[in-house]
Amino acid sequence: MISNKMVGLVQNSSIIRAMFEEGKRLADIYGAENVYDFSLGNPSVEPPKEIREEILNIINMEDANLVHGYMSNSGYQDVRTTIADSLNKRFQTSFTGENIIMTVGAAGGLNVILKTLLNPGDEVIVFSPFFGEYRNYVDNFDGKLVVVPPDINDFQPDLAEFETRVTEKTKAVIVNTPNNPTGVVYSETTIKGLADVLNRKQKEFGISIYLISDEPYRELVYDSIEVPYLTKYYNNTIVGYSFSKSLSLPGERIGYLVIPNEVDDYTNVVGAANVANRILGFVNAPSLMQRVVARCLDAEVDIASYNRNRELLYYSLREYGYTCIKPEGAFYLFVKALEEDDKAFAAAAKKHNILIVPGSSFGCPGYCRIAYCVAYETIKRSLPGFEKLAKEYST
Ligand code: PLP
C-alpha cells in the first residue's frame with residue numbers, strides 16, 4: 001500500500017538499519033566493549049556545560065508562552081539578529097536577522113532550500129564522496145542528482161570534471177566542508193576555482209546557479225585550519241548550518257540557513273524559504289533550542305578529544321599499511337578498502353567486530369568511512385582487529 005517511491009527508499013535505508021541491528025547482535029554475543037561501532041556520526045563528546053545552564057536559565061527566567069509558543073516560521077527575530085551579528089563578527093560579513101532562517105537541523109534546512117529552488121527535473125550537482133542523504137533530499141522535490149567523480153589524490157572537488165557537468169538545467173550545487181565522509185576541508189584555492197566556474201557558467205547559460213554550503217562541521221577542525229566562509233567568494237551562496245555536531249545536539253534538531261541579500265531574487269527566495277519551512281511540516285525550528293543556541297554561540301565542545309582519536313586512528317592505520325588522508329575536520333576518516341569491493345571489505349572488518357560504512361553509501365566505492373566519534377578506549381581496543389585485517393590482505 002505504500003507509495004512506489006517509498007518502496008525503493010525503504011530498501012536503501014535498510015542497509016544502514018541492518019548495520020545497526022548487526023551491532024546490537026554482535027554486542028549481545030561478544031559484549032558491547034568488544035564491538036567497535038564506527039558506523040554512526042553521533043557526537044561522543046558532551047554538549048558544553050553552557051547548554052544545560054542556559055536551558056535552566058531560560059526555563060526559569062523567560063516567559064513560558066514566549067519560550068514554548070509559535071513565532072514567525074523563520075524563527076525568533078532576536079535569535080536571528082544575534083546569529084547574524086555573531087557571523088558578522090567572525091567572518092566580516094554584513095548579515096541582518098532577515099538573512100537568517102532557523103531550521104530543523106541541517107537536514108531541515110537543506111529540504112527547505114531545495115523545496116524553495118527546485119522545479120522537477122532541475123539538476124543538483126554534488127561532489128563524490130557526499131553525504132548519502134543528499135540523494136533523498138533532491139529526490140523529495142523531483143530534482144536530478146548529478147555526481148562529480150572524486151579526485152582521490154586529495155578529495156578536493158575536481159573542478160575540470162565539475163565544469164563538464166554544469167548544464168542549463170543546473171539549479172544548485174551542494175558542497176560540504178569540512179567533509180563527511182573524508183574529513184577534508186576545501187581549500188581557498190578550490191573555493192575560488194569553484195566560484196570561477198559557476199560565474200562563467202551562469203553567464204554562458206544566462207541562469208542562476210545557487211551554491212549550497214552544507215556546513216554542520218564548520219567548528220570541528222584541527223590544527224587551526226581555516227574554513228573559508230563561502231558567501232564571500234560567490235554571490236549566489238546559501239549556507240546551511242547545524243548545531244548537531246558543533247554543540248553535540250543532534251537530537252534537538254536545530255540549525256539555520258543564511259540567505260544573503262546578494263543572492264539572485266533574494267526577496268522571493270527568502271520569502272519562499274519561510275513558507276517552505278511551514279508547509280514541509282516543520283512550521284518552525286524548536287523554540288526552546290532557538291533561544292538556547294543564541295546564548296551559546298561562543299560555546300565549544302571538547303574538540304581535543306576528537307583530535308586524540310584522530311591522531312591515534314590515523315597513525316595506527318598508516319602503520320598497518322592502510323591508505324588514507326589525514327582528516328582536517330569533522331570526525332570521519334575515509335580509508336581505502338583493501339579490496340576493490342568496499343562492501344566485501346566492510347564485511348571482512350565485521351569479522352573483527354569492526355563496523356564501518358562502505359564508501360558506496362557516499363557515492364565513492366572502493367573506500368570505507370570510519371566515524372571516530374567514539375570513546376578513545378574503543379579505538380584503542382579496535383586496533384589489533386584493524387592490524388589483523390590488514391595482514392589478511394597482505395598474505
Ligand atoms: N549534512 C551532513 C554532511 C551531515 O553529515 C549531516 C549529519 O550527519 C547532516 C547534513 C544532517 O545534520 P542535522 O543533524 O543537522 O540534520
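This is a predicted model: local features need pLDDT of at least 70, side-chain atom pairs count only at pLDDT 80 or more; totals for chains, interfaces and linings use all residues.
View 1. E300 lies 81 residues away from E219 along the chain, yet the C-alpha atoms of E219 and E300 are separated by 8.2 Å.

View 2. The chain is divided into domain 1, made up of 4–47 + 302–394, and domain 2, which spans 49–295. Between the C-alpha centres of domain 1 and domain 2 the distance is 27 Å. At the contact, 26 residues of domain 1 meet 29 residues of domain 2. On the side of domain 1 that touches domain 2, α11 (303–320) and β9 (332–336) each supply at least two residues. Of the elements involved, α11 gives the most to this side, with four residues. By residue type, this side of domain 1 consists of 15 nonpolar, seven polar and four charged residues.

**View 3. The largest nonpolar core.** The largest nonpolar core contains 109 residues, and L257, I370 and Y372 are those with the most contacts inside it. Helix α5 contributes the largest share of this core, namely seven residues. Domain 1 (4–47 + 302–394) and domain 2 (49–295) both give residues to the core, so it lies between them.

**View 4. Contacts of I370.** I370 is one of the residues with the most contacts inside the largest nonpolar core. When residues up to four places away in sequence are not counted, I370 touches F38, L313, Y332, L333, V335 and I356.

**View 5. The shell around the ligand.** The ligand is surrounded by 13 residues, of which G105, A106, A107, S242 and S244 are the closest. Helix α5 (residues 105–117) gives the most to this shell, with three residues. The shell divides into five nonpolar residues, seven polar residues and one charged residue.

**View 6. The annotated span.** An unreviewed UniProt entry carries the annotation "domain: Aminotransferase class I/classII large" for residues 34–380.

Terms used
Residues are numbered from 1 along each chain as its sequence is written. A residue is near a molecule or strand if its C-beta atom, placed from the backbone, lies within 6 Å of it. Ala, Val, Leu, Ile, Met, Phe, Trp, Tyr, Cys and Pro count as nonpolar, Asp, Glu, Lys and Arg as charged, and the others, Gly among them, as polar. UniProt positions are given in the numbering used here, feature names are shortened, and annotations may be inferred rather than shown by experiment. A nonpolar core is a set of buried Ala, Val, Leu, Ile, Met, Phe, Trp, Tyr and Cys residues joined through C-beta atoms within 7 Å. A residue is buried if 20 or more other C-beta atoms lie within 10 Å of its own, exposed if 12 or fewer, and partly exposed in between; C-beta atoms are placed from the backbone. Domain bounds come from an automatic or database domain assignment. Two residues are in contact if their C-beta atoms, placed from the backbone, lie within 7 Å.
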